[in-house]
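Biologist: I'd like a close look at a single part of this model, along with what surrounds that part. Please walk me through it in one go, and spell out your cut-offs as you use them.

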Amino acid sequence: ISFYGQLIATSVASEKSNRSIESLVTSTSTESLMFGKVIAGALAGIFQFSAMILTAFITYKINIDAWNNMLDFIFDIPGNILGTFAIFGILGYLFFLFIFGVIGALVSRTEDIGTSSSPIMLIFMAAFFISMIGLNKPDMLALKVASYVPVTSFMAMFVRVSMGNVSTLQVLISLGLLAGTTFFTGIFGAKIYRLGTLMYGDPIKITRAIKLLKNR
């Protein structure tokens with residue numbers, strides 16, 4: 001999320017700095033541009049991660065006797081837990097990449113991305129720590145609430161499913177909220193991307209960007 005998110009934000013900000021964004025938004029829809037950037041970045045990350053896991057799995061299976069089956073708990077995870085990880089993980093990944101795309105559209109210089117993305121990384125770390133604590137306390141209220149909030153549910157709900165204390169209905173509700181929020185974040189990011197053609201100088205606050213969108 002951090003690595004590919006920064007790449008997407010840098011890509012969008014670079015287009016603003018060299019004014020190429022003005023040509024892009026007149027030749028195709030901003031939805032296509034934003035979704036194309038995010039999906040391309042997401043696929044690159046997924047392929048890289050999958051290649052690493054596949055290499056580790058093959059290497060482990062070849063040398064399983066030498067390892068004395070020590071890593072079976074990693075490579076023999078039940079299918080429903082793996083499926084939950086894949087679905088929530090990919091949606092959460094896309095959600096944050098769209099947010100990084102918005103950050104790139106709100107700044108005019110790539111140097112401002114680090115500062116502007118700091119609050120997002122703090123939220124990401126909060127989701128991580130809540131989920132880690134939830135491994136030992138799966139019934140704590142903070143984990144239950146976090147499993148329905150889109151910015152944290154991609155981690156928190158996976159923990160609850162892996163600990164076996166959540167119903168299918170709860171999973172579907174959380175999944176629906178995350179999927180819907182991810183989609184609308186992408187649409188919102190596309191609108192900010194188009195608006196970014198008119199915004200140069202200091203980074204624009206998200207509240208001001210929303211006001212500008214309402215006034216259009």
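Modeller: The protein chain has eleven helices and zero strands, where helices (H or I, at least four residues) and strands (E, at least two) are DSSP runs numbered from the N terminus. This is a predicted model, so local features need pLDDT of at least 70 and side-chain atom pairs count only at pLDDT 80 or more, while totals for chains, interfaces and linings use all residues. Residues are numbered from 1 along each chain as its sequence is written, and side-chain values use heavy atoms, with hydrogens and water left out.

Of the 216 residues in the protein chain, 37% count as buried; buried means under 20% relative accessible area, exposed over 50%, and partly exposed in between (1.4 Å probe, protein chains only). Among contacts in the protein chain with a separation of 6 or more, 72% join residues 24 or more positions apart. A contact here means heavy atoms within 4.5 Å.

The part I'd pick for you is α6 and its meeting with α9. The axes of these two helices come within 9 Å and cross at roughly 170 degrees. Axes are lines fitted to C-alpha atoms, for helices over the stretch in contact, and angles run from 0 to 180 degrees between N-to-C directions. That crossing makes α6 roughly antiparallel to α9: angles under 35 degrees count as roughly parallel, over 145 as roughly antiparallel, 65 to 115 as roughly perpendicular and the rest as oblique.

Which residues of α6 meet α9? On the α6 side they are Ile81, Thr84, Phe85, Phe88, Gly92, Phe95 and Phe96, and on the α9 side Pro150, Val151, Ser153, Phe154, Met157, Phe158, Val161 and Ser162. By class, this contact has eleven nonpolar, four polar and no charged residues. For the classes, Ala, Val, Leu, Ile, Met, Phe, Trp, Tyr, Cys and Pro count as nonpolar, Asp, Glu, Lys and Arg as charged, and the others, Gly among them, as polar.

Phenylalanine 96 sits in α6 and counts as buried because its relative accessibility is 1%. Setting aside neighbours within four places in sequence, phenylalanine 96 is in contact with Ile1, Ile120, Phe124, Val151 and Phe154. Phenylalanine 124 is 28 residues away from phenylalanine 96 in sequence, and 8.9 Å away in space, C-alpha to C-alpha.

Threonine 84 is also placed in α6, and with a relative accessible area of 11% it is buried. Apart from neighbours within four places in sequence, threonine 84 is in contact with Gly89, Phe158 and Val161. Between threonine 84 and valine 171 there are 8.8 Å in space, C-alpha to C-alpha, and the two are 87 residues apart in sequence.

Across in α9 you'll find serine 153, buried with a relative accessible area of 0%. Not counting residues up to four places away in sequence, serine 153 touches Phe88, Ala146, Ser147, Tyr148, Phe158, Ser174 and Leu178.

A further helix, α10 (residues 168-195), holds threonine 182. Threonine 182 counts as buried at 4% relative accessibility. Beyond neighbours within four places in sequence, its contacts are Leu91, Leu94, Phe95 and Phe98.

Now for the open space. About 1200 Å³ lies in the largest pocket, which is lined by 33 residues, with Phe49, Ile53, Phe85, Ala86 and Gly89 nearest its centre. The elements giving two or more residues to this lining are α1 (2-17), α3 (30-62), α5 (72-75), α6 (79-106), α7 (113-134) and α9 (150-163). By class, the lining has 26 nonpolar, six polar and one charged residues. On a 1 Å grid over the protein atoms alone, a pocket is an open set of points where a 1.4 Å probe fits, with protein on both sides within 12 Å along at least five of seven lines, and lining residues have an atom within 4 Å of a point. Grid points are joined across faces, edges and corners, and a volume is the space filled by probe spheres set on the points.
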